[in-house]
There are 2 protein chains.
Amino acid sequence: MLDDRQTRTEKLAGEIADAILEGTLEPGSRLDEHMLAGRYGTSRTPVREALRQLATTGLIELRPRRGAIVAKVTSEQLEMLFIAMGELEATCARLSAMSMTPIERRRLGAHYDQMGEMVAQDDVPAYTAANTALHAMFYAGAHNPVLSEMTAGLRRRLAPFRRAQFRAPGRLARSHAEHGAVVRAVLAGDAASAHAAMLHHVSLVEDAFEQLAGAPAGTAPEAARMKAG
Amino acid sequence: MLDDRQTRTEKLAGEIADAILEGTLEPGSRLDEHMLAGRYGTSRTPVREALRQLATTGLIELRPRRGAIVAKVTSEQLEMLFIAMGELEATCARLSAMSMTPIERRRLGAHYDQMGEMVAQDDVPAYTAANTALHAMFYAGAHNPVLSEMTAGLRRRLAPFRRAQFRAPGRLARSHAEHGAVVRAVLAGDAASAHAAMLHHVSLVEDAFEQLAGAPAGTAPEAARMKAG
DNA sequence: TTTTGAAAAATTGCATGCAGAATTTACCTC
DNA sequence: GAGGTAAATTCTGCATGCAATTTTTCAAAA
């Protein structure tokens, strides 16, 4: 009845995705259509359409005639996702070095400098937000929507596993230093260096995340959830 | 009533995707739910679910309350897709250079040599199939399912625009020479060279396509023409 | 000829119901 | 108690119908 501009299916897809990404719906749990329909106050039809949509993003697993479950991410798959994201981010950095406009370069430099102040003040929340914005700048700077959407999608998907990344002591300053290498290379138009520096940065992020996890990659999916917390 | 193991929705998604990729359904044409349901002998429900699934792959565009249309690929978007695919292929080649097993390397070398014979005999059909297999080897050699699925997906999506690629005179031999550079770098474990060589190769493929772009199946005709001119 | 407006037709979004498959439960045998 | 089977239940896959929105049609006005 609401004159809502987006359809129930779309809203549902968003809400279910959020519930999964923020952990309300745990990996492996069954996504019963009746239950979801009841919880969100609709019939099963839009639920089914939303599930179909989420399945193609890899967030849930759709087993024919056996219902949907929240995709379980093993630590091995998680590693693959991190590596893939790293490669894509590095590619975006490379392309940014080659094709950012002067205006984009100026904004990138300014944003980087602002982040320096956040580090000095040890403002973790501000830095976290600025970090997302910085990476978004590289996605946009690549001037390739196909690539930047893929990369941003992976980043969103991995967000739950990166929550704690700046909690490790000294991580803020180190992150900023790594960013510095990437930013300088991009501003200098040095594609190869930008690629290498970003690759280095994201692999260190992954390391930081593994340290927090306590357990090295290679065990149960429970490890993944520990990493998130 | 067929006891088919896959659901109607899945089969529909596949058939509609095929119809789009081989040009039966032209870009921009409306995908009327009744019409599709009639054509494939089902009700609208599975059609709607299939459309939702295809929409997330970018093959069709779903406009709320206004129906679905086959995604129009402008020449600019096409260029972005080619660039993104090139970057991903290059990344796969880079990772292959770093992490292919000895067995994979041996098979790669052998396959490459076989392709040389096809060039000598000017066997275009065989070479085309072998070319797909060669690229698949790089996807697999990256040892990262996330990345290889993304790359393979892009390649499938661009397939209609590459049909004519080996028709240009001399293209077969040139392609083989370019492959040679990539294969040698990968076998030598030279990641940077593998990346560069693959990037070079795919950009040349794009050029070849641009020269030929008369009217490949599935093209938005105006896009192809603009590219040609 | 083009523009405008309202009625008619077509089309999407979604609820509901039912058949069949999958899962659970109950019961029996060993 | 373990294991196996049949009945009962639950759940998915899909068809159908209706309300709301969008598109089309068509006639009158500019």
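The largest nonpolar core has 34 residues, and those with the most contacts inside it are Leu88(A), Leu154(A), Leu158(A), Leu88(B), Leu154(B) and Leu158(B). Such a core is a set of buried Ala, Val, Leu, Ile, Met, Phe, Trp, Tyr and Cys residues joined through side-chain atoms within 4.5 Å, where buried means under 20% relative accessible area with a 1.4 Å probe, protein chains only. H4 and H7 of chain A, with helix H4 (75–99) and helix H7 (145–158) of chain B, each supply at least two residues of this core; helices are DSSP runs of H or I, at least four residues, numbered from the N terminus. H4(A) gives the most, with 9 residues.

A word on conventions: this is a predicted model, in which local features need pLDDT of at least 70 and side-chain atom pairs count only at pLDDT 80 or more, while totals for chains, interfaces and linings use all residues. Residues are numbered from 1 along each chain as its sequence is written, chains are lettered from A in the order in which they are written, and side-chain values use heavy atoms, leaving out hydrogens and water.

How many residues of chain A are in contact with chain B? There are 31, meeting 31 residues of chain B, with contact meaning heavy atoms within 4.5 Å.

Between chain A and chain B, the count is 6 salt bridges, each a side-chain nitrogen of Lys or Arg within 4 Å of a carboxyl oxygen of Asp or Glu. Glu49(B) and Arg52(A) meet in a salt bridge through their side chains, at 3.9 Å, N to O.

Note on methods
Buried < 20%, exposed > 50% of the residue type's maximum accessible area, 1.4 Å probe, protein only.
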